[in-house]
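Please read it alongside the sequence and coordinates shown next.

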Amino acid sequence: APPVATLGTQLSGVAAASAKDVWAVGQYDSAANFDHPLILHWNGSVWAREKLPSPGQKTEMLYAVAARASSVWAVGLGPCIGQSINCPSKALTMHLTGSGWRVVPGVSVSDRQDQNSLTGVAITSASTAWAVGDYFPAAEGEPSYAMLQYWNGSAWQKQIGRAHV
């Protein structure tokens with residue numbers, strides 16, 4: 001993998017659309033001790049670091065990636081809202097488009113009070129994807145709850161049972 005000049009780097013997910021189209025995601029630590037999203041791409045010859053938009057000011061991590069010939073999604077823990085490492089956060093979803101990577105608003109459950117994180121993603125067609133993860137109150141000792149999201153081609157929706165909410 002290409003070097004990432006930081007205090008630390010971690011890769012947590014990989015997906016291949018083909019032998020010449022492989023994606024790896026994770027995060028790197030900055031000098032300010034905050035995590036930033038990282039996406040690497042293998043073109044069949046070399047790994048290259050992707051240029052990403054900044055989803056926020058603090059602590060963003062990517063945990064999973066899904067790739068098809070016509071679509072690539074990466075998901076994780078989004079921008080921290082507050083001062084501590086355990087502060088409330090949004091779910092992070094990034095999509096590769098013809099003009100590069102963009103942050104796509106996901107569904108966060110009360111991101112002013114909860115930590116929202118997506119840890120898995122699957123693409124079923126060019127316009128359909130699923131993401132899973134969890135959310136939990138930022139207060140210590142609270143339980144975490146499963147979260148399932150569905151991409152309908154234009155927006156992420158929280159999935160509860162069989163109904164879109």
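## Burial and overall make-up

Of the 165 residues of the protein, 44% count as buried, where buried means under 20% relative accessible area, exposed over 50% and partly exposed in between, with a 1.4 Å probe and protein chains only. The protein exposes about 8400 Å², of which carbon and sulfur atoms supply 52%, the areas coming from the Shrake-Rupley method with a 1.4 Å probe.

This is a predicted model, in which local features need pLDDT of at least 70 and side-chain atom pairs count only at pLDDT 80 or more, whereas totals for chains, interfaces and linings use all residues. Residues are numbered from 1 along each chain as its sequence is written, and side-chain values use heavy atoms, with hydrogens and water left out.

## Strands and the open sheet

The secondary structure comes to zero helices and 13 strands, taken as DSSP runs numbered from the N terminus (helices H or I, at least four residues; strands E, at least two). Among contacts with a separation of 6 or more, 42% are between residues 24 or more positions apart, contact meaning heavy atoms within 4.5 Å.

Four strands form an open sheet in the order β1-β2-β3-β4 with antiparallel pairing, and two strands pair if DSSP finds at least two bridges between them. The edges are taken by β1 (8-18) and β4 (47-49), each with a single partner strand, so one side of each is left without a neighbour in the sheet. Over nine bridges, β1 pairs in the antiparallel sense with β2 (residues 21-29), and Gln 27 in β2 is the bridge partner of Gln 10.

## Nonpolar cores

The largest nonpolar core has 17 residues, and Trp 73, Val 121 and Trp 156 have the most contacts inside it; such a core is a set of buried Ala, Val, Leu, Ile, Met, Phe, Trp, Tyr and Cys residues joined through side-chain atoms within 4.5 Å. Two or more residues each come from β5 (61-68), β6, β9 (114-125), β10 (128-137) and β11 (145-151). A second, separate core of 13 residues includes Trp 23, Val 25, Val 65 and Ala 74.

Not counting residues up to four places away in sequence, Val 121 touches residues including Trp 73, Val 75 and Trp 130.

## Ser 71

Ser 71 lies in strand β6 (residues 71-80) and counts as buried because its relative accessibility is 3%. A polar contact of 3.2 Å joins its side chain to that of His 95; the term covers a pair of N or O atoms within 3.5 Å, where within protein one must be able to donate a hydrogen and the other to accept it, and residues adjacent in sequence count only if both atoms are side-chain atoms. Leaving aside neighbours within four places in sequence, Ser 71 is in contact with Ala 66, His 95, Ile 123 and Ala 126.
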